[in-house]
Amino acid sequence: MALSGVISKFKSYPYLRKASSNTAPEHSGENKGRDKRWEKGGEVVGDDRAERKPNFTRDAGSCSDTVIKSGKGSYVETEDGRKLLDFTCGIAVTNLGHCHPKVSEAAAKQCMTLVHGQCSVAFHNPYLQLIDQLLPLMPHPSLDTFFFWNSGAEAVEASIKLARTATGRQNVIVMQGGYHGRTFGTMGLTRSKTIYSERVGPLMPGVFVTPFPFWHQMGLPQSTPEEELVRQCLFQLDMVLKQQTTAADTAAILIEPVIGEGGYIPAPASFLQGLRKICDQHGILLIHDEVQCGFGRTGKMFYSEYSGVRPDIMVMAKGLANGFPLSAIVSQKAIMDKMAPGTMGGTYAGNAVSCAAAVAVTKAFEEEKILQNVQARSKQLFAALEDFRKEPEIASVLIDVRGKGLMVGAEFGSPAVQAQGSDNNAGAAAKLPSKFASRVSAKCMERGMLLLTTSVFEVVRFMPPLNISEADMRKGIEIFKDAVREVVREG
Ligand SMILES: Cc1ncc(COP(=O)(O)O)c(C=O)c1O
């Protein structure tokens with residue numbers, strides 16, 4: 001069923017509550033298209049899926065009540081027979097496409113060999129093989145000691161635990177706009193939207209926030225030079241260390257090298273280098289959360305490689321096992337070994353089937369020249385979007401195309417741009433129809449493509465499979481362009 005059809009069916013539910021300022025319960029920020037369903041006269045009214053499956057919690061939020069029946073390569077098929085081009089990859093997870101034959105085969109084989117070999121009890125082979133496969137892929141040879149978990153949030157929490165133990169300090173500095181998960185620890189570290197921790201505080205103490213170099217979030221004109229954004233952010237970080245948390249109390253600076261939920265903004269190399277310098281000066285550990293931007297998404301195995309900056313701890317997940325639950329932290333042995341035996345662990349941590357899948361993923365990257373394809377398809381996508389911006393009725397609406405590799409964001413002008421004094425497309429932004437990005441996302445779905453929004457701004461994010469063909473990329477771009485044109489026409 002088309003999303004618009006789903007939307008038109010919505011009705012009130014018995015568990016009405018007052019809508020907060022951020023009304024849509026965002027699932028990783030994706031698809032604010034459902035806002036129409038969640039909000040009615042200022043009330044939150046529920047989720048379409050509650051109608052379909054009342055025993056499914058609405059807390060998850062969702063784009064639609066569509067049931068995905070199967071997935072193959074760049075496409076998923078729905079229960080009602082629709083074939084959708086997937087430019088979401090389940091939020092940057094199925095990076096090698098759905099059910100990659102070699103990955104699924106490795107997992108299936110492992111299923112018949114050993115499913116669970118608890119890591120505190122004994123090693124298992126896929127765990128050891130995976131370490132061997134990952135070692136040469138690390139952005140710096142000092143990153144040589146691993147621990148595997150299930151989810152990104154678990155691994156982020158582990159990185160904080162490690163940083164606190166290794167430094168004997170408590171506080172953590174995070175970026176404004178950063179997202180690190182929704183567990184209790186990571187809610188306290190997340191600063192992309194208030195919805196993730198609304199009404200559940202108090203959160204983990206000892207977290208301080210510093211600006212990330214993103215013009216819109218900083219309330220600066222879009223034309224502000226990158227050096228100026230970086231200069232201001234590093235200055236503010238210095239202020240945080242002087243006014244809020246002294247270095248002697250600060251264990252770590254935690255950053256997504258490409259901010260994901262905050263709007264798909266790659267950190268300038270000079271910013272990451274500046275953070276490294278400050279960390280070195282003060283004995284603070286630098287943690288790169290590459291959960292979303294890692295594993296080939298940006299055209300290198302890890303985004304950290306572009307700047308040459310060595311993190312002390314790196315966090316990975318998502319694309320690591322192409323859909324099987326697996327995450328990891330990696331650090332230097334000297335840092336990792338400061339943890340007492342038994343302090344890291346979890347029943348399912350480093351599951352054998354997930355590790356076997358991840359081993360197959362690392363092999364596929366090389367055998368199938370995945371990174372080369374990312375570079376080529378990235379060029380194709382950027383060129384097409386830049387061309388699209390030249391269309392007269394689009395130029396005033398599509399104000400920014402940014403990202404790296406196949407982690408690409410497109411921002412539409414919003415009233416906030418105008419209010420914050422942007423010198424970009426002055427006058428046009430105020431005319432932008434409301435909920436533009438989520439309407440584009442909904443139109444894409446009607447036309448046969450999954451595309452998500454992100455951030456508190458009007459942004460859609462492109463996360464196609466890293467092995468997408470040129471033809472499918474072209475098709476996706478055309479769907480997107482038609483969707484934008486239609487939203488512009490409708491006003
Ligand atoms: C950068 C980043 N860190 C951490 C997480 C949390 O990962 P998970 O949802 O697997 O807990 C995410 C998830 O989107 C993420 O994008």
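Tutor: Strands here are DSSP runs of E with at least two residues, helices are runs of H or I with at least four, and both are numbered from the N terminus. Two strands count as paired if DSSP finds at least two bridges between them. Strand 18 is joined to strand 6 (residues 83-86) in the parallel sense by two bridges, and Asp-86 has Leu-450 of strand 18 as its bridge partner.

The model is a predicted one, in which local features need pLDDT of at least 70 and side-chain atom pairs count only at pLDDT 80 or more, while totals for chains, interfaces and linings use all residues. Residues are numbered from 1 along each chain as its sequence is written.

Five of the five residues in strand 15 are buried. A residue is called buried if 20 or more other C-beta atoms lie within 10 Å of its own, exposed if 12 or fewer do, and partly exposed in between, with C-beta atoms placed from the backbone. On one side of strand 15 are Ser-327, Ile-329 and Ser-331, on the other Ala-328 and Val-330, and both faces are covered. Strand 7 (residues 145-149) pairs with strand 15 in the antiparallel sense over five bridges, and Trp-149 is opposite Ser-327. Strand 14 (residues 313-316) also runs antiparallel to strand 15, with four bridges. Val-315 faces Ile-329 across that pairing, and Ile-313 has Ser-331 as its bridge partner.

Strand 14 is covered on both faces as well: Ile-313 and Val-315 on one side, Met-314 and Met-316 on the other, are all buried. Strand 14 pairs too with strand 13 (residues 285-289), this time in the parallel sense over three bridges, where Ile-287 stands opposite Ile-313.

A nonpolar core is a set of buried Ala, Val, Leu, Ile, Met, Phe, Trp, Tyr and Cys residues joined through C-beta atoms within 7 Å. The largest such core has 131 residues, and Ala-252, Ile-253, Leu-285, Ala-357 and Val-361 have the most contacts inside it. Helix 13 (residues 352-367) supplies the largest share of this core, eleven residues. At least three core residues come from each of domain 2 (66-96 + 371-490) and domain 3 (101-367); these bounds come from an automatic or database domain assignment. In soluble globular proteins, nonpolar side chains tend to be buried together.

In total 15 residues surround the ligand, the closest being Gly-152, Ala-153, Gly-181, Val-291 and Gln-292. The shell consists of six nonpolar, seven polar and two charged residues. For that count, Ala, Val, Leu, Ile, Met, Phe, Trp, Tyr, Cys and Pro are nonpolar, Asp, Glu, Lys and Arg are charged, and the others, Gly among them, are polar.

Some loops need a note on backbone geometry. Most residues other than glycine have a negative phi, and most peptide bonds are trans. Tyr-264, in the loop between strand 11 (258-259) and strand 12 (265-266), has a positive phi of about 60°. Tyr-264 counts as buried because 29 other C-beta atoms lie within 10 Å. Ser-455, between strand 19 (452-454) and strand 20 (459-462), has a positive phi near 75°. Ser-455 is buried too, with 28 C-beta neighbours inside 10 Å. A cis peptide bond, with omega about 0°, joins Gly-201 and Pro-202; Pro-202 is in the loop between helix 8 (184-187) and strand 9 (207-210).

Methods: A residue is near a molecule or strand if its C-beta atom, placed from the backbone, lies within 6 Å of it.
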